[in-house]
Amino acid sequence: MPSPGKSSPAKTGSRPNSHRLTPASRASFARVANKIKMGKKLEKGLKEKNASAVSQDEENPNKTPEPYSCTGNFQADFTELCRRNSMTYIPPIIPRARPPTVMGHTESGKPDKGKGKAPQAPVEPDPDPEQDLDGEGIEAPPKTFTMKDKFEYFRPSVQVEMENFDKPDTVTEIYIRGWKIVEPIMEIFKQCWPKMAKLHTINLWNCGLSGEVITILASTITEIPEMRNLVLDGNTVVEENWHELMGEESPIQNLSLRHCGITDKGAEQIGQALGSTKRCNTKLISLNLSGNRITDVGAEHIALGLRMNRNLMSLSLASNFIGDKGASKIAEILSRFPLTHEEVVERRKHFSEKDFPERNKSPPGSRRDGSKDRPASVRSQSHMDKDKKGSKASAKKKDPKGKDAKEEEKHDKTKKKEKEDKTLTKKASIAADTKGTKGKGKGKDKTKQAAQEVEDLSGGEVVNPLTDVADFIDGQLWVSGNRVLINLNLSRNKIAESGMNNLLKAMQYQTTILMDNKSGGTGLMRIALLKNKISQEHEVMRKLNDIMLHKDPYYKQPPQTPDGQSTT
């Protein structure tokens with residue numbers, strides 16, 4: 001036994017002694033050891049390099065990433081751009097809710113004929129209704145809607161309509177409800193929307209839009225290839241720069257600005273965007289301005305825009321503060337009105353450009369009149385021509401009736417005769433085409449056919465009212481009013497007997513002039529005047545309703561008895 005103060009010797013293992021290895025073995029072991037050391041050093045160096053790269057990225061968080069190119073997939077593009085803008089919450093893109101469809105029927109309510117012969121699956125019996133503790137049946141939840149948590153329901157989202165829900169690049173309509181759209185979000189939309197080839201409708205309801213956002217939106221819609229409908233109801237903008245959405249390059253055909261707090265200031269700008277002597281909007285078909293704060297002053301500005309506009313077909317000014325003055329101004333535009341001095345000047349410019357298109361153009365290399373490089377004989381001849389023109393101008397001034405007015409009246413008569421001949425020829429061809437198809441077409445087909453006929457009569461060109469036939473009355477040129485507008489809503493305003501009487505005269509004038517010539521349009525076909533400062537039983541209202549009743553495209557004439565009398 002070992003003594004307590006001494007330690008026992010350590011036991012040696014079974015490892016072979018180094019003196020037993022041959023020199024070749026020792027050399028191979030050395031090479032392997034060196035390789036292992038080099039591998040560990042290389043791995044350590046790579047780790048340190050990666051760590052340094054990560055630390056550099058962390059040190060430069062503001063490093064600008066590569067620009068993102070949108071693909072037309074709205075969900076992917078919007079999500080990626082929001083992530084790059086470091087948004088804390090990204091609104092989801094969800095399909096717009098639709099009413100449930102009945103089994104075996106399409107969305108239009110008609111039976112699905114294509115699948116009627118397919119074998120029907122066996123109908124499973126309804127499960128037994130659940131019962132409460134008292135043994136009474138528990139009513140099942142309705143199937144016409146789905147339940148959501150209130151916080152989930154009001155959370156911001158973007159609702160979309162798609163042609164094919166399996167293809168994310170077929171978004172056609174976008175709906176945003178009740179959450180504020182600020183400039184950064186609109187800048188993201190500005191990048192996404194122009195790449196969407198099928199987008200045609202944007203609806204931003206109560207989104208707290210500002211003047212800057214409206215400016216961005218106005219520049220965005222011009223780049224969307226199929227854009228047609230824009231609804232911005234419930235957005236009160238202090239700047240009231242709505243006219244930017246109606247610029248010359250705007251593709252909008254239907255614009256709704258209901259309950260946007262538009263005052264006479266905004267109405268003036270909208271009227272100027274509709275039309276003036278210099279330019280007019282040629283795309284907008286429907287404009288809804290109901291529920292705003294437009295008075296007689298704003299209505300007059302909109303009426304001035306309708307003087308030159310021959311494209312707008314539907315206008316709603318319901319639920320405003322328009323009185324007799326505003327209604328009378330609108331009635332004047334619908335009947336006939338005298339041209340102002342500025343409009344007469346523009347009218348003569350149009351005629352001169354049409355009759356002499358090359359008058360102000362000189363061939364390349366030619367010398368202008370009065371040039372010093374021209375021969376003396378030519379210059380003297382030009383001075384003689386100027387003197388003759390001056391004498392003619394003085395003669396015109398002495399003429400009490402005005403030779404210009406006579407020539408212009410003669411030109412108008414010639415043009416009127418050509419227009420009537422063209423209209424009669426078109427009517428004859430239309431009657432010949434429709435004689436064999438009487439009773440086969442429906443109301444919508446007739447409306448499309450009528451629209452096509454109007455387009456054919458106008459030659460597909462934009463109608464300029466300044467070049468229309470004019471009458472010289474009391475030293476002024478009077479032209480026919482706007483007959484392209486077919487729907488007007490003035491309900492819930494402050495129009496009394498005087499304004500209604502002027503509207504009645506305008507409708508009587510349109511009815512009379514349409515008997516002779518329909519090439520300029522059909523005139524008003526529907527007018528809404530409910531809840532104004534005049535009773536519907538008033539004589540003026542009865543006459544107005546009688547005139548408009550037969551012009552309404554939805555009016556159905558009561559059936560007649562064999563004696564030719566109406567049954568009602």
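Both Phe78 and Phe189 are buried, where buried means under 20% relative accessible area, exposed means over 50%, and partly exposed lies in between (1.4 Å probe, protein chains only). I begin with these two residues and will return to them after a word on the model.

This is a predicted model, in which local features need pLDDT of at least 70, side-chain atom pairs count only at pLDDT 80 or more, and totals for chains, interfaces and linings use all residues. Residues are numbered from 1 along each chain as its sequence is written, and side-chain values use heavy atoms, with hydrogens and water left out.

Let me turn to the aromatic rings. A pair of aromatic rings is described by the distance of the centres and the angle of the planes. Rings of Phe, Tyr and Trp (its six-membered ring) pair if their centres lie within 6.5 Å; planes under 30 degrees apart count as stacked, over 60 as edge-to-face and the rest as tilted. By this rule the structure has four aromatic pairs. One of them is formed by Phe78 and Phe189, which are stacked with 5.5 Å centre to centre and 15° between the planes. This pair joins distant parts of the chain, since Phe78 belongs to helix H2 (residues 74-84) and Phe189 to helix H4, 111 residues apart. Helices here are DSSP runs of H or I with at least four residues, strands are runs of E with at least two, and both are numbered from the N terminus.

Phe189 also forms a stacked aromatic pair with Trp193, at 4.5 Å centre to centre and 5° between the planes. Trp193 is buried, as is Phe189. Which residues make up the cluster that ring pairs link? The members are Phe74, Phe78, Phe189 and Trp193.

Helix H4 (residues 183-192) also holds Glu187. Glu187 counts as partly exposed because its relative accessibility is 37%. On the surface, Glu187 gathers with Glu183, Glu212 and Glu239 in a patch of negative charge. Patches are made of residues with over 30% relative accessible area and no salt bridge; like charges are joined within 9 Å, and nonpolar side chains (Val, Leu, Ile, Met, Phe, Trp, Tyr) within 5 Å. Accessible areas come from the Shrake-Rupley method with a 1.4 Å probe, and for residues only the protein chains shown count as cover. Lys and Arg count as positive and Asp and Glu as negative, while His and the chain ends are not counted. The place of a charge is taken as NZ of Lys, CZ of Arg, CG of Asp or CD of Glu.

I come now to the salt bridges. Side chains of opposite charge can pair when their charged atoms come close. The term requires a side-chain nitrogen of Lys or Arg within 4 Å of a carboxyl oxygen of Asp or Glu. How many salt bridges does the structure hold? The count is 13.

In helix H2, Glu80 and Arg84 lie four residues apart, about one turn of the helix. Their side chains meet in a salt bridge of 2.9 Å, N to O. Glu80 counts as buried because its relative accessibility is 19%, whereas Arg84, at 34%, counts as partly exposed. A network of salt bridges links Glu80, Arg83 and Arg84.

Arg228 and Glu226 are joined through their side chains by a salt bridge of 3.9 Å, N to O. Arg228 counts as partly exposed at 30% relative accessibility, and Glu226 counts as partly exposed at 40%.

Glu248 forms a salt bridge with Arg279, with the closest N and O atoms 3.7 Å apart. Here too the pair links distant parts of the chain: Glu248 is in the loop between strand E5 (229-231) and strand E6 (254-256), and Arg279 is in the loop between helix H6 (264-274) and strand E7 (286-288), 31 residues apart. Glu248 is exposed, with a relative accessible area of 59%, while Arg279 is partly exposed, with 34%.

Two backbone details remain. Ser86 is not a glycine, yet has a positive phi of about 55°. Ser86 is placed in the loop between H2 and strand E1 (93-95). Is Ser86 buried or exposed? With a relative accessible area of 62%, Ser86 is exposed. His259, also a residue other than glycine, has a positive phi near 55°. His259 is found in the loop between E6 and H6 and counts as exposed at 51% relative accessibility.

Finally, Phe165 lies in the loop between strand E2 (158-162) and strand E3 (171-177). Phe165 is partly exposed, with a relative accessible area of 41%. The C-alpha atoms of Phe165 and Pro95 are separated by 8.4 Å, with the two residues 70 residues apart along the chain.
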